[in-house]
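Please read it alongside the sequence and coordinates shown below.

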Amino acid sequence: MTSINEQPIPAARPVIGEEEIEAAVRVLRSGRVVQGPEVAAFEEGFSELVDGRHCVAVNSGTSALHLLLLALGIGPGDEVIVPSFSFAASANAVRLVGADVVFADIEPGSYGLDPAAVEAAVTPRTAAIMPVHLYGHPAAMDKLMPIAEKHGLAVVEDACQAHAAALNGTPVGAFGAGGTFSFYPTKNMHSLEGGMVTTADAELARTLRLLRNQGMEQRYANEIVGANMRMTDVSAAVGRVQLAKLGGWTEQRRANAAFLDAHIIAPSVTTPPVAEGAHHVYHQYTIRVRGDRDAAMAKLTEAGVGNAVYYPTPIHRLKPYWGPDQKAGRTWDLPETESAAAEVVSLPVHPSLSEGELARIADAVNALGENL
């Protein structure tokens, strides 16, 4: 039970400090508030995280996925292979362009797409693979990219939880045809709300810029059908402040995760593994609980330790995806996905945790004991 002098430890602490406030006020006073110089500067700065790729800022991570699929020409008649163990936005973006979602199972350690399952899911209609770098751990891109090349498939990286993650020295967002990032307030860095698309293809980047801005580069000279998915300069200014802090925050998250790795010894719990060559940035510190997960979460909450399940219901069992697939006579055999959804619990790992709070988290987990 939480001591009267101990405050509960929240699962996340979004940062909106004086620097972020000052940046927002500066932009508001400038009068240039949408798709202006702050957005361009944010794109240029973010490019350094993704090996110098072109960066196109938009209004959300979901918009980033949606526009990237549109720009790649993926639509009706196409299939995109997606993990079911992810936030629904991964699959929603595919449906929004009119393509069909094909779910493949995940690896039990990284929670990313299992390359063998992806290979088995490829059909003549497959147009793309969408690896999700879940919790900040890179997917097995070293194995997924050769599969994509073998079958002539686009790779659309969902890196919305993985700013600055990398595999064998290559940053996520710099592997496939394009990568996408989210700047929602609970992410490793944020812009109040926003997203980014990254690509090495200059023509694809230009198409993305057209799509986000009603299909026009010059005012009233519309070239294609587009939408309004622009990022505001207020968001970009906040994002630039956060981007400057991301390196330090990332190292603190990794240090916090190392502390928890070293101090959590409860036999009913498995701490997060890290694949060889992976640079994990710990958007979430996700343990596996064997036994009664609800009881474990209740005990953690009673001890004042914030916790949550990401994600309790795999996408293939959500209403928008269950009905149509069943009507088409399609079923999904995803045992690792089902197992993860039943066992995962995410604990606080954010950079503002004190050593005392980290010790409280480890003690609360260890108090779960062996039998749940």
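Which residue in β5 is the bridge partner of A128? The bridge partner is A154. The model is predicted, so local features need pLDDT of at least 70 and side-chain atom pairs count only at pLDDT 80 or more, while totals for chains, interfaces and linings use all residues. Residues are numbered from 1 along each chain as its sequence is written, and side-chain values use heavy atoms, with hydrogens and water left out.

**Strand pairing**

- Strands (E, at least two residues) and helices (H or I, at least four) are DSSP runs, numbered from the N terminus.
- Two strands pair if DSSP finds at least two bridges between them.
- β4 (residues 126–129) runs parallel to β2 (residues 79–83), with 3 bridges joining the two strands.
- In this pairing I129 of β4 is opposite I81.
- β4 also runs parallel to β5 (residues 154–158), through 2 bridges.
- A separate topic is the open sheet of 3 strands, ordered β7-β6-β11 with antiparallel pairing.
- Its edge strands, each pairing on one side only, are β7 (170–171) and β11.
- β6 (residues 166–167) is joined to β11 by 2 bridges, and A166 lies opposite H279 of β11.

**Helix α7**

- α7 spans residues 202–212, and its buried residues (under 20% relative accessible area, 1.4 Å probe, protein chains only; exposed is over 50%, partly exposed in between) are L204, A205, L208, L210, L211 and R212.
- The cover over these buried residues includes α2 (37–47), β1 (54–58), α3 and β9 (195–199).
- At the start of α7, a side-chain oxygen of D201 comes to within 2.9 Å of the backbone nitrogen of E203.
- Q214 follows α7 and has a positive phi, near 60 degrees.

**Cavity and pocket**

- On a 1 Å grid over the protein atoms alone, a cavity is a set of points where a 1.4 Å probe fits but cannot get out; a pocket is an open set with protein on both sides within 12 Å along at least five of seven lines; lining residues have an atom within 4 Å of a point.
- Grid points are joined across faces, edges and corners, and a volume is the space filled by probe spheres set on the points.
- The count is 1 cavity of 30 Å³ or more, and the largest cavity has a volume of about 60 Å³.
- Residues lining the largest cavity include Y135, H137, H280 and Q284.
- The largest pocket has a volume of about 690 Å³.
- Its lining has 41 residues, with Q161, Y184, T186, K187 and H283 nearest the centre.
- α3 (61–71), α4 (89–96) and α8 (233–263) each supply at least two residues of the pocket lining.

**Q284**

- Q284 sits in the loop between β11 (278–279) and β12 (285–289).
- Q284 counts as buried because its relative accessibility is 14%.
- Leaving aside neighbours within four places in sequence, Q284 is in contact (heavy atoms within 4.5 Å) with Y135, Y310, S346 and V349.

**P267**

- P267 lies in the loop between α8 and β10 (269–270).
- P267 counts as partly exposed because its relative accessibility is 45%.
- Not counting residues up to four places away in sequence, P267 touches R290, G369 and E370.
- The C-alpha atoms of P267 and G98 are separated by 46 Å, and the two residues are 169 apart along the chain.

Conventions. Polar contact = N/O pair within 3.5 Å; in protein donor to acceptor, adjacent residues only side chain to side chain.
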